[in-house]
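Thanks for coming. I will walk through one structure today, starting with an annotated span and then moving to the whole chain, its domains and its ligands. Please have the view open as I go.

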Amino acid sequence: MTIQLHKSSIKKQSKITITGSKSESNRLLLLQALYPELEVGNVSNSDDSEVMQKALASEEKIIDIHHAGTAMRFLTAYFASKEGREVVLTGSKRMKERPIEILVDALNQLGAEISYLETHGCPPISIKGKTLTKSKVTLNANVSSQYISALLLIASSLENGLELTLDGEITSIPYINMTLDLLNQVGIQTTFEDQVIVVKPKRDALKTKSLTVESDWSSASYFYSIVALSPVGTEVKLSSYNEKSLQGDSVLAEIYKSFGVEAIFQGHSILLKKGEKSVSDSVEFQLNNSPDIAQTIAVTCLGLGIKCHLTGLHTLKIKETDRLVALQNELQKLGAKIDITNDSLTLYKTSKINTNVAIATYNDHRMAMAFAPLALKTHLNIEDYMVVSKSYPTFWDDLETLGFKFSK
Ligand SMILES: O=C(O)C1=C[C@@H](OP(=O)(O)O)[C@@H](O)[C@H](O)C1
Ligand SMILES: C=C(OP(=O)(O)O)C(=O)O
């Protein structure tokens, strides 16, 4: 199903409430399964968090987590440490191509019993839950931080806690820090020094029994892009956010200054305003710490007609799709010249954007949402538009609130 986005201009002022961060939600849902007295507010309404909730409550033998990477990785660790529980974790066609070997190896070294059912190194996997007795393991930290967060999330429930040694350059570090911060908030002790993370076992009551998830910063990125592509003076207010966020994607506020977007905190809302400041001609960003906003930034640059060079993108190749190739294909359709490597993208200055192009989304929510703001510049069509529900089910409703015009 394709949505036709008509060339639109949005209201001068609007207000949007974005659902809870799916990253924070999926961590806290797992902690809640370990410590049922924990109450969690503003849980994400994303498909990925729904899948996580259902899986944790399920007594079935086969659990299908569809496209949800965090759910796949976090639940692997969770079920592996649940003595007596036997499950098969499976997922979408793409999930069966997304690597999980580093996590499975680490868990098996800790005493787990996990095996592959189809392709070595990828889901589906069979897990025979065990009491994990060992407490030290080393793993490669350069492929996905989700493997590390998965181990950290179950660590406090292990008899002796966990000492994790991270080998190589650590990717997506803010997500690891987010995990550690949430553990600390509920009273689990951790240290992180010189590539070694230690998590102490938790035996006493929780320090905090109730936590509220901050709204999702990756979802906020699409509104930063919309404001960047709108006339001077356009304002969009987003809630509910914290000035000091656990989410690495909050770096958006800094990055989008280059695109003329002012972000003003007003209590727990952020007022985004397109300022008078002229936009940079060419930008460069290292996105190792915030890979999920790469697509948004690349498309904003196309819309503004500026050059961008984005680096630190090696994890994009193993996400919902190969996002580097997907971006190259779709930006080219719009008339852009773009070069990609295994970990970078260069988009050259493009003065004219092709109209009425059909953007393919590759089962990737962020392809649909990153390209949608271009409707402020031209007519465009987005294929399989409901793909957005992976992280942001009400995305199109919220765009309509802003004044976007479309036909489904
Ligand atoms: O831990 C998390 O919640 C996430 C970590 C990141 O993955 P990688 O560590 O694989 O880059 C990010 O891309 C993903 O959307 C969510
Ligand atoms: C990469 C993402 O999610 P996951 O890895 O959890 O599927 C994402 O939401 O952009």
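Helices here are DSSP runs of H or I with at least four residues, strands are runs of E with at least two, and both are numbered from the N terminus. I picked that span from a record: an unreviewed UniProt entry annotates residues 54-399 as "domain: Enolpyruvate transferase". UniProt positions are given in the numbering used here, feature names are shortened, and such annotations may be inferred rather than shown by experiment.

Some housekeeping. This is a predicted model, in which local features need pLDDT of at least 70 and side-chain atom pairs count only at pLDDT 80 or more, while totals for chains, interfaces and linings use all residues. Residues are numbered from 1 along each chain as its sequence is written, and chains are lettered from A and ligands numbered from 1 in the order in which they are written.

Now the whole chain. Twelve helices and 22 strands make it up. Its C-alpha atoms fill a box of roughly 60 × 45 × 40 Å along the principal axes. Of the 408 residues, 50% count as buried. Buried means 20 or more other C-beta atoms within 10 Å of the residue's own, exposed means 12 or fewer, and partly exposed is in between, with C-beta atoms placed from the backbone. Contacts are pairs of residues whose C-beta atoms, placed from the backbone, lie within 7 Å. Among contacts between residues at least 6 apart in sequence, 72% join residues at least 24 apart.

Next, the domains. The assignment gives domain 1 (2-20 + 214-407) and domain 2 (22-212); such bounds come from an automatic or database domain assignment. Over C-alpha atoms, the centres of domain 1 and domain 2 are separated by 29 Å. Domain 1 puts 20 residues into the contact, and domain 2 puts in 23 residues. On the side of domain 1 that touches domain 2, five residues are nonpolar, eleven polar and four charged. For these classes, Ala, Val, Leu, Ile, Met, Phe, Trp, Tyr, Cys and Pro count as nonpolar, Asp, Glu, Lys and Arg as charged, and the others, Gly among them, as polar.

Which residues are around ligand 1? They are Ser-23, Thr-70, Ser-144, Ser-145, Gln-146, Ser-149, Thr-171, Ser-172, Tyr-175, Pro-291, Asp-292 and Thr-315. A residue is counted as near a molecule if its C-beta atom, placed from the backbone, lies within 6 Å of it. By class, that shell has two nonpolar, nine polar and one charged residue. Helix H5 (residues 145-155) gives the most to it, with three residues.

Around ligand 2 we find His-67, Ala-68, Gly-69, Thr-70, Asp-292, Lys-319, Glu-320, Arg-366 and Ser-391. One of these is nonpolar, four are polar and four are charged. The shell around ligand 1 takes at least three residues from each of domain 1 and domain 2, and the shell around ligand 2 also takes at least three from each.

One helix as an example: in H2 (residues 47-57), the residues Asp-47, Asp-48, Ser-49, Val-51, Met-52 and Ala-55 are buried. These pack against helix H1 (22-34), strand E4 (62-64) and helix H3 (69-80).

Last, some backbone details. Most residues other than glycine have a negative phi, and most peptide bonds are trans. Pro-123 and Pro-124 are joined by a cis peptide bond, with omega about 0 degrees, and Pro-124 is in the loop between strand E6 (113-116) and strand E7 (125-128). Another cis bond, also with omega about 0 degrees, joins Ser-239 and Ser-240. Asn-356 is not a glycine, yet has a positive phi of about 60 degrees. Is Asn-356 buried or exposed? Asn-356 is exposed, because 10 other C-beta atoms lie within 10 Å. Asp-384 has a positive phi of about 50 degrees and is partly exposed, with 17 other C-beta atoms within 10 Å.

Conventions. Contact = placed C-beta atoms within 7 Å.
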